[in-house]
Amino acid sequence: MHRGTRQPRPQRRAGAPGPAFRTHARGRRSGRGAVGCRRGCRPSLVFSFCALVDWPAGTACPASARRRPVPDGRNNRIGGHVSGQDQDQDQAFIEQAIELARRAIDEQAGGPFGAVIVLNGRAIGQGNNRVLGTCDPTAHAEVVAIRQACRETGQFHLPEATLYTSCEPCPMCLFATHWARIPRIVFAANREDAAEIGFSDAEQYQYLRMPVSAFDMHQIARDAARQAMRDWAASAGSRLY
């Protein structure tokens, strides 16, 4: 896995659904201050998508309709009522994710992070961080689990699934979860816990609020690239995802 300055809010790409995550922190309270939505929806335990996405004028933030914070004496949680049976399932699968994270101690394949993706009460994908073992900086536990779940189902969208992860997803994994259309995330440790052992998750989140000018990025050959995109859109086999 894994593991400021306010940036202009990026425009949502036409045709792409707006993000609407439900996030649940299991096993501890987060000491981090949450970020509220400028449209009035309640804070997210991860971060406010509304601070990053410029929703069209007159459009309600999806989170405002879906996030209903409910106080819980044991955990910080966002996302409305969770039944006792669901809480038991959450606890069982978060423990499985933590056990996957502990494999790192023996395998030395990556950091101590594990993830499980569950659909209809069944694990369809799981993984632990394998960055070192594969020399792949994207082989975070959540990405490994998403890849396995998509192979298992033969689908690249998992709109009914839940991601359980031993640590709050880094920005890459959070957006990978969004691309997979996984609507619900349950995590245990948070970004500050990852920072305590040397991982830069908290720092990575700061990049989301930096202006594009802060990065060494240069645009060239736009016309040729746009033409390739238009040719793809006009082709018979094009398919949005």
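Predicted model: local features only at pLDDT ≥ 70, side-chain atom pairs only at ≥ 80, totals over all residues.
Good morning, colleagues. I shall begin with the hairpin. Strand 2, covering residues 114–119, and strand 3, covering residues 122–128, run antiparallel and are joined by 6 bridges. Within this pairing, Gly 114 stands opposite Asn 128 of strand 3. The hairpin has 2 residues between its strands, and Asn 120 adopts a positive phi near 55 degrees there.

I turn now to the aromatic residues. The structure contains 5 aromatic pairs. One of them is formed by Phe 156 and Tyr 241, whose ring centres are 6.5 Å apart. Why is this pair classed as edge-to-face? The planes of the two rings stand at 80 degrees, and an angle over 60 counts as edge-to-face.

The positions of these two residues in the chain also deserve attention. Phe 156 belongs to the loop between helix 4 (141–153) and strand 4 (162–167), whereas Tyr 241 belongs to the segment after helix 8 (222–234). The pair therefore ties together parts that are 85 residues apart in sequence. As to accessibility, Phe 156 has a relative value of 36% and so counts as partly exposed. Tyr 241, at 57%, counts as exposed.

Tyr 241 has a further partner in Trp 179. The rings of Trp 179 and Tyr 241 lie 6.2 Å apart, centre to centre, with 50 degrees between their planes, and this pair is tilted. Here too, distant parts of the chain are linked: Trp 179 is in helix 5 (residues 171–179), Tyr 241 is in the segment after helix 8, and 62 residues separate them. Trp 179 has a relative accessibility of 41%, so this residue counts as partly exposed. Taken together, Phe 156, Trp 179 and Tyr 241 form one aromatic cluster.

Another ring, that of Tyr 205, is involved in a contact with a charge. The charged end of Arg 191 sits over the ring of Tyr 205, at 3.7 Å from the ring centre.

Finally, I come to the surface. Which residues form a nonpolar patch there? They are Tyr 207, Val 212, Phe 215 and Met 217, and their accessible area together is about 380 Å². Of these residues, Phe 215 is found in the loop between helix 7 (201–207) and helix 8. Its relative accessibility is 33%, which means that Phe 215 counts as partly exposed.

Thank you for your attention.

Conventions. Residues numbered from 1 in each chain as written. Heavy atoms only, no water. Pairing = 2+ DSSP bridges. Helix = DSSP H or I, 4+ residues; strand = E, 2+ residues; numbered from the N terminus. Phe/Tyr/Trp six-rings, centres within 6.5 Å; stacked < 30°, edge-to-face > 60°. Buried < 20%, exposed > 50% of the residue type's maximum accessible area, 1.4 Å probe, protein only. Lys NZ or Arg CZ within 6 Å of the ring centre and 35° of its normal. Patch = residues over 30% accessible without salt bridge, like charges linked within 9 Å, V, L, I, M, F, W, Y side chains within 5 Å. Areas by Shrake-Rupley, 256 points an atom, 1.4 Å probe, with all protein chains shown as cover. Salt bridge = Lys/Arg side-chain N within 4 Å of Asp/Glu carboxyl O.
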